[in-house]
Amino acid sequence: MVARKFLVHHADSNIDVEYDTNDGLEVFKFQLFSLTSIPPDEQKIFGEDDQLVSEDSDLISISDKLRLVSISEEVEEEGRLIPIEGEDDEEKVENKATQEAELALSDEELARMLQAEEEALMFQQFSVSEDNGVIEQKIRPYIDQVLLYEDPHRQEVARKSVPVEKLEEKALVALAKEGSFRPLKSEQDHAFLLQLLFWFKQSFRWVHSPPCDGCGNETVNNGMGAPQPSETLHGASRVEIYSCKVCSRVTRFPRYNDPLKLLETRKGRCGEWANCFTLYCRAFGYESRLVMDFTDHVWTECFSPFLGRWMHLDPCEAIYDKPLLYEKGWKKKLNYTIAIAKDGVYDVTKRYTRKWHEVLSRRNLTTEPALAAALHKLTRECRKNFTPEVLSALEERDKNEAEAIERDCHSKDDASISLPGRQSGNEEWRILRSEFGSDSLSSSSCPVRKCVDEHVTKVYNALLPILSKLVDQSYSKSRAVEVLGIFRKILVDIKNSPFRSRRTTINSASNDAQYFFNQILPSFSQLLDALSLKSELNTNGKVEICLASDPVRTSLALPVVFHALDDVVHNVNQCDKFNKGSLSWPLVKLNRICSGLVLASGEEIPVGIATSAFDGMRLSKWEEPNGAKGCWIIYKVVDNQVHELVAYELMSANDVPERDPMDWVVEGSSDAGLTWRVLDKQTSQIFQNRFQRKPFNIKSQGFLSNAFRIRFLAVREAKENPRFQIGSIDLYAANSTTS
């Protein structure tokens with residue numbers, strides 16, 4: 001531990017900060033966030049001589065006088081300086097020179113890249129033919145292909161195969177988890193597109209070698225065969241032939257090009273996947289392109305009004321908006337990446353590279369002017385029947401896209417994002433193609449995330465009136481479990497009903513049911529309220545449970561209550577006696593802290609983000625790709641409230657026990673993370689089961705905190721495993737809360 005004191009100047013004020021430099025720059029930025037409200041990803045910190053403090057900076061040796069600037073507050077006027085307190089005119093001149101030197105270095109890097117591009121272009125002019133026939137030959141079949149996506153019949157068949165309401169619900173829940181309960185239409189459309197991508201990944205099957213049509217066993221490739229008339233009818237110009245390893249039966253694998261047929265077969269490789277997925281995108285009204293990579297891959301682009309730009313979507317990988325996936329993750333040596341749509345053909349290669357000068361050296365089919373002329377000719381053909389108004393709008397869009405691509409091509413890559421190697425296809429095939437890499441999309445520089453989990457706390461609090469009623473009625477453990485099971489079945493019926501009009505009717509005419517609803521159901525009212533549900537008695541003497549407010553809030557809370565009820569049943573069964581003495585922690589979980597801000601040392605994107613540890617759901621988790629030998633997570637309480645932490649609970653995740661935490665330290669801070677006090681320490685903890693909850697009491701109570709930190713020091717097995725994961729983290733406070 002190396003503790004230092006810094007004087008941080010920001011907005012005409014000075015802030016004293018005590019800091020343990022071993023915690024790294026990210027935690028330091030989080031502390032500054034708590035003091036200045038500038039999010040860590042918008043902070044720029046400068047030291048002596050206006051040197052930018054970065055992840056590579058040595059926090060032990062940097063100046064103790066720092067300057068904090070918000071990116072959003074940075075001066076827009078070129079060359080203008082922001083003075084540091086006590087800085088004289090001579091120092092200002094020196095600092096200006098330093099800033100200009102840094103800019104010049106950046107300009108020098110850009111100049112070197114541009115020089116390399118010029119040399120590649122010059123070499124291309126002398127070594128490459130201007131004949132663009134090869135380019136046209138490759139692209140023209142795809143123009144006919146994308147026109148199939150405009151067929152109303154194909155679009156209708158595609159829409160009918162999609163569980164639209166379920167995807168709409170998932171999209172709205174995903175937005176709600178980010179705090180957007182009343183999203184704009186553009187946000188909803190964007191979120192639905194992502195859910196369509198994830199659904200497609202699960203519903204389509206990758207084919208390396210097809211199983212035997214006779215016995216279902218593995219097959220081996222025996223070359224190519226001539227297509228049959230029934231196969232050419234659906235665009236299969238190529239047919240792969242396989243023989244069974246067991247029964248020797250021949251199995252045919254036609255490579256269908258008609259997306260209508262692919263809606264039926266739902267299998268193939270990247271060509272079939274992108275072909276069918278692009279049809280789905282068009283069927284739901286998204287402006288879409290089929291993107292062809294000349295180094296043998298195909299994917300989709302859609303225009304997102306929410307983002308205001310084109311977005312990359314790879315259906316084989318279920319990865320979106322990561323155009324550097326292929327160059328950075330797969331290590332592909334790109335040359336030509338061409339997007340084909342009903343309105344034209346576009347060279348989008350620069351969107352997918354940060355090494356354009358290297359890519360240029362591999363573009364040897366024709367010269368750049370000849371390529372541009374060929375694409376312009378094809379685009380003009382696509383647009384020949386468009387109205388002047390449509391043409392004008394497309395030309396404006398093309399201009400904006402070209403400017404954005406050019407700008408992005410010469411921007412720096414985000415080094416904190418780790419992109420995976422190829423995941424589709426078997427391992428041997430991926431290695432053979434040199435597309436094998438890491439297995440995850442992750443970030444080592446996490447943003448501060450807001451926990452949208454008030455519903456979790458409400459559900460946990462609402463279980464006490466139910467348990468108290470069961471105890472008051474002198475129910476045995478088995479009878480109590482039976483009652484909880486009855487209510488769970490009711491909620492299953494609610495879950496299975498349409499999410500915008502959730503409703504289930506319960507026949508309460510029988511004596512047992514009548515007694516249950518008259519005596520027990522009122523105790524469930526708080527839980528129904530936590531689920532945005534209500535009970536009503538209709539004129540036919542039947543009890544109905546239906547929506548009370550926003551259906552999205554119900555969809556958000558239902559998975560939580562199922563897991564909470566399962567946990568309660570488990571804890572009831574563990575009780576020696578089910579009585580008033582049982583109504584305590586961990587059966588009763590009151591005063592769960594919620595709605596705070598979370599920052600972590602790293603996270604898996606998008607399914608293993610830090611806030612997943614606080615969402616009350618079993619099947620989500622926080623995953624730190626490099627956390628096996630140490631990682632951390634910080635929870636800042638909302639509105640600077642302070643809590644006395646009296647207990648906490650950790651739950652193991654869904655898989656891979658080797659990633660479970662084994663040693664950790666829980667700390668609290670009364671000054672938003674400037675200093676920390678150890679509240680609890682655990683070693684050699686073993687989770688015996690998946691989804692196992694381990695409750696812990698804080699022994700040294702009485703310390704009020706407005707931030708908490710858990711430092712996970714070791715996992716169960718770190719020799720062969722670099723990862724850490726935790727299913728859930730729940731923090732519980734004493735009854736009183738102050739601001």
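**Strands, helices and buried residues in a predicted model**

Both faces of strand β7 are covered. Val 239, Ile 241 and Ser 243 lie on one side, Glu 240, Tyr 242 and Cys 244 lie on the other, and all are buried. Buried means under 20% relative accessible area, exposed means over 50%, and partly exposed is in between (1.4 Å probe, protein chains only). The structure is a predicted model, in which local features need pLDDT of at least 70, side-chain atom pairs count only at pLDDT 80 or more, and totals for chains, interfaces and linings use all residues. Residues are numbered from 1 along each chain as its sequence is written, and side-chain values use heavy atoms, with hydrogens and water left out.

Strand β7 spans residues 239–244. It is mostly covered, with 6 of its 6 residues buried. Strands (E, at least two residues) and helices (H or I, at least four residues) are DSSP runs, numbered from the N terminus. In a regular strand the side chains alternate between the two faces of the sheet. Strand β6 (residues 219–225) is joined to β7 by 5 bridges, and the two run antiparallel. Two strands pair if DSSP finds at least two bridges between them. Met 224 has Glu 240 of β7 as its bridge partner. Strand β8 (residues 250–254) also pairs with β7, in the antiparallel sense and over 5 bridges. Here Glu 240 stands opposite Phe 253 of β8. The hairpin of β7 and β8 has 5 residues between the strands. In this hairpin, Ser 248 takes a positive phi near 65 degrees.

A second hairpin is formed by β14 and β15, with 2 residues between them. Tyr 346 in β15 is the bridge partner of Ala 339.

An open sheet of 6 strands has the order β18-β22-β25-β31-β27-β28, with antiparallel pairing. β18 (449–450) and β28 (677–682) stand at the edges. Each has a single partner strand, so one side of each is left without a neighbour in the sheet. Strand β22 (residues 597–600) is joined to β18 by 2 bridges, and the two run antiparallel. Lys 450 has Leu 597 of β22 as its bridge partner.

Among the helices, α4 (residues 152–160) has Arg 154, Gln 155 and Ala 158 as its buried residues. These cover an arc of only 100 degrees around the axis, which puts them on the same side of α4. The arc is that of the directions from the helix axis to the C-beta atoms. An α-helix has 3.6 residues a turn, so residues three or four places apart point the same way. On the other side of α4, Pro 152 and Lys 160 are exposed. The cover over the buried residues of α4 includes α8 (259–265) and α9.

Helix α9 spans residues 270–283 and holds Thr 278. Thr 278 counts as buried, at 1% relative accessibility. Leaving aside neighbours within four places in sequence, Thr 278 is in contact with Tyr 149, Ser 288, Arg 289, Leu 290 and Thr 300. Contact means heavy atoms within 4.5 Å. Ala 283 is also found in α9. At 6% relative accessibility, Ala 283 counts as buried. With neighbours within four places again left aside, Ala 283 is in contact with Gln 155, Ala 158 and Arg 159. Ala 283 and Pro 152 are 131 residues apart in sequence, but 8.2 Å apart in space, C-alpha to C-alpha.

Helices α5 (residues 164–177) and α19 (residues 551–574) pack at an angle of about 85 degrees, with their axes 9 Å apart. They are therefore roughly perpendicular to each other. Glu 169, Leu 172, Val 173, Ala 176 and Lys 177 of α5 make the contact with Val 552, Ser 555 and Leu 556 of α19. Axes are lines fitted to C-alpha atoms, for helices over the stretch in contact, and angles run from 0 to 180 degrees between N-to-C directions. Angles under 35 degrees count as roughly parallel, over 145 as roughly antiparallel, 65 to 115 as roughly perpendicular and the rest as oblique.
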